[in-house]
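I opened my notebook to look up a few things in this model.

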Amino acid sequence: MSVSQGAIKKQSESKLSVSKEKNPRGALLTTALMAGYSMIYMDKNMISTAIIPIAEQFHLSTSQTGLIMSLFFLGYSLMQIPGGWLADKIGYKKVLMLSLSLITIFSFAFGLAGSLLMFILIRFLAGIGHAGYPPSCSKGIAENFPKKRRTFVQSLILSTSGIGGILAFVIGARLIDLNWHYAYYALGTMFAISLLLVTFLVPNSHPTAKTKTEKKQVSFKSVISNRNVIILFVAMLLANVAFYGNMSWLPTFLKTKFSLSISTVGVILAVNAIGGTLASIFAGVLLSKYFAGKEKLLLMCCSVVSSLLFLGLVFSNSLVLSIAFLYVLTFLLTTIFVGIFSWPHKILPEKVIGSSIGIVNTGGTLGGFIAPMAFGALISMAGGSFSIVFITLAIAVVICGLVILTVKSGK
């Protein structure tokens, strides 16, 4: 009696799923990836505080400081898609190690920099180093966890955005208050430790099993032209214009509008980062259990309320009310980000997760590139007023919600 090819394929997939469910290395993998991601987010957050004393020391305008922050995201954007492609082709662990090695070097280098040109060049190269980490993490998740757990594991790892923020606004801000050079020496050291954790705790990539029944390959061209990938790319771009536009100028906004010290701003934003951590984990639970198949409804509601909160930041002259708006806003923006970032795990094949996340997150890094530079110029044109920035962010996040509605979730 012969066994059908379909039965063989199902049996193979079942065995793979069971092996992933019982994978004892999953906890170590998640821990190592979270450690590296925490440093990634610490770096992204810390620059917005460090730029204040750097601007004072080197007499930089808001346009110039915006350029320093934006060039990081340009390097990030240019290497996102190649980084995802490499994770699919040579293995996620190799790309993770290369990424962390580069960021370690350029973190120390930034602490040694002493001119506008060097700040711009080093942040651009640091962005190139950052680019391989997110798609490689997603590839590692896809290879080591069953499909039904990937959204939650992805959200757990993305919760490090809050951990990185806490580190940046507590440890980082205090070191910046002493001497901003010390902050980047400390950051480089922590990246080196993260590299060691990835080296020893992350399992080596394993090639996808090939059988005679699985000859059909998914080409990179088909991924980059996939309707949902393009839509999520645009949505992530708009979401990160809102996210990084807010994050990049928030320390300067709070310090200027309410005459606060850097340390006080650091405390406010550290608490905000804790909320971001909780939001990421909570978003994973919502998207996995309560809004599975209803992602559009959740993310559209978050977009509309976020828009209203951005406007609240513009018109409020109360520090307490502004902080309340900020904390709720961070919760909602984090939910939008996690929802978009984890969606490919639900609607795309495992073998192209690295490439698809690379493409989608390129939209996010382009948003990060556009926001600091463009808003820095707008602030200069408006004579130091931040109102136009937050009104623009309110518009961007609503458009993001409308774009999300066009995702085709049916298989």
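**Ground rules.** I am working with a predicted model, where local features need pLDDT of at least 70, side-chain atom pairs count only at pLDDT 80 or more, and totals for chains, interfaces and linings use all residues. Residues are numbered from 1 along each chain as its sequence is written, and side-chain values use heavy atoms, with hydrogens and water left out.

**Confidence.** I started with pLDDT, the predictor's confidence in each residue, from 0 to 100. The chain has a mean of 82, and 89% of its residues reach 70 or more. Next I looked at the elements; helices (H or I, at least four residues) and strands (E, at least two) are DSSP runs, numbered from the N terminus. Over residues 1-22 the pLDDT stays under 50. For that stretch I found 14 contacts (heavy atoms within 4.5 Å) beyond four places in sequence. Residues 207-215 are also below 50 in pLDDT, with 3 contacts beyond near neighbours in sequence.

**Salt bridges.** Side chains of opposite charge can pair when their charged atoms come close. I used the rule of a side-chain nitrogen of Lys or Arg within 4 Å of a carboxyl oxygen of Asp or Glu. How many salt bridges does that give? The count is 2.

One joins Arg123 and Asp43, whose closest N and O atoms are 2.9 Å apart. Arg123 sits in helix α5 (residues 116-131) and Asp43 in helix α2 (residues 26-58), so this pair ties together parts 80 residues apart in sequence. Arg123 is buried at 3%, and Asp43 is buried at 1%.

Asp88 and Lys139 form a salt bridge too, with closest N and O atoms 3.0 Å apart. This pair links helix α3 (residues 62-90), which holds Asp88, to helix α6 (residues 133-144), which holds Lys139, 51 residues apart. Lys139 is buried, at 3%.

**Cysteines.** I looked for disulfides, pairs of cysteine sulfur atoms within 2.5 Å. The count is 0. Cys137 is buried at 0% relative accessible area, and Cys400 is buried at 0%.

**Helix contact.** In α3, I saw Gly83, Leu86, Ala87 and Ile90 meet Tyr92, Lys94 and Val95 in α4.

How values were computed: Buried means under 20% relative accessible area, exposed over 50%, partly exposed in between (1.4 Å probe, protein chains only).
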